[in-house]
Amino acid sequence: MESHVNAKRLFNHATTLKLHTGNLVNRSRLKKKCPSSPSEELQDCIQGTLSEWFAAMPSSLDSELPIVLDCTIPKNTEAITPEEREELKVSVKLFLTESHCSSIRSAVDMACLSLGVSQLDSVIIAPPPLPEGEAQTLTHLQPLWEELESLVQSQKIAAIGTSELDKTLLEQLYNWAQIKPSSNQVNLASCCVMPPDLTAFAKEFDIQLLTHNDPKELMSAAGFQEAVQGSSKDLQVADWKLEWVLRYSIIVKSRGIIKAKGYIVHAKKSSDH
């Protein structure tokens, strides 16, 4: 098949992959199968979006192959119009795989561009998973938080939040930060009841405690490579690395319903052969 040869040529030439799944609310209505976990949903989405994008490719490619593959299916993606912006809340959770502060800025810029907004209402950061046995510290969080603060100052983000911080770490961050966390996400799989010290602290300082069911690592390197490989035959995936995943949801404030949700994914080919 022509498109699979082209997919291979494009993919082998490119060094960056940007992928936007588009609105999954419509898509899941079409697909009856419910993903069992956020990781499985993401894997499904990457594979599906890439397959669709490769299939829609023209049969003849320009001689100039792009370095950046921008995989977006226009019909699945609708920008927010200025008229409806007031009615909507755009919430984002950003999963980093590496501690590059520049990733935060590029993820926020890409989300604003893809969704047609100038500001995100809230961004929750999920720092990169740490090696086994290592615990998250304020030192890990500080550079990431400073980057988020500068995005609040430039009005790209309205509110910023954290994920998986216990009371001690949340308090340390709160005391140090210039712009305080407005929320902290707690995984209910690890504790069925909110820790009382965390609840008391959050209440006192007006930090919203939210629950989530995301795994520690939203997507492993192998999971990402598998998703890409599943989209077209013979793709060389070994050198590709996921840099970050941004998950957004757009909520109609007055009715509390989700109008749209999706993922934006950024990956790079490592050049260290």
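I took a nonpolar core to be a set of buried Ala, Val, Leu, Ile, Met, Phe, Trp, Tyr and Cys residues joined through side-chain atoms within 4.5 Å. Buried means under 20% relative accessible area, exposed over 50%, and partly exposed in between, with a 1.4 Å probe and protein chains only. The model is predicted: local features need pLDDT of at least 70, side-chain atom pairs count only at pLDDT 80 or more, and totals for chains, interfaces and linings use all residues. Residues are numbered from 1 along each chain as its sequence is written, and side-chain values use heavy atoms, with hydrogens and water left out.

Cores. I found 44 residues in the largest nonpolar core, where Leu120 and Leu246 have the most contacts inside it. I then listed what Leu246 touches (heavy atoms within 4.5 Å). Leaving out residues up to four places away in sequence, Leu246 touches Val92, Lys93, Leu94, Ala107, Ala111, Gly262, Tyr263 and Ile264. A second, separate core has 33 residues, among them Ala7, Leu69, Tyr263 and Ala267.

Pockets. On a 1 Å grid over the protein atoms alone, a pocket is an open set of points where a 1.4 Å probe fits, with protein on both sides within 12 Å along at least five of seven lines; lining residues have an atom within 4 Å of a point. Points are joined across faces, edges and corners, and a volume is the space filled by probe spheres set on them. The largest pocket has a volume of about 910 Å³. Its lining has 41 residues, with Pro127, Pro129, Gln136, Glu164 and Lys216 nearest the centre. I sorted the lining by class, with Ala, Val, Leu, Ile, Met, Phe, Trp, Tyr, Cys and Pro as nonpolar, Asp, Glu, Lys and Arg as charged, and the others, Gly among them, as polar. That gave 21 nonpolar, eight polar and twelve charged residues for the largest pocket.

The second largest pocket holds about 650 Å³. I counted 26 lining residues there, and Ser91, Ile124, Gln185, Arg247 and Ser249 lie nearest its centre. By class they are nine nonpolar, ten polar and seven charged.

Asparagine 23. Is Asn23 buried or exposed? Asn23 is buried, at a relative accessible area of 6%. Beyond its neighbours within four places in sequence, I found Asn23 in contact with Asn76, Tyr248, Lys259, Ala260 and Lys261. A polar atom of the Asn23 side chain lies 3.2 Å from the backbone oxygen of Lys259. For the backbone nitrogen of Lys261, the distance to a polar atom of that side chain is 3.2 Å.

How values were computed:
A polar contact is a pair of N or O atoms within 3.5 Å; within protein, one must be able to donate a hydrogen and the other to accept it, and residues adjacent in sequence count only if both atoms are side-chain atoms.
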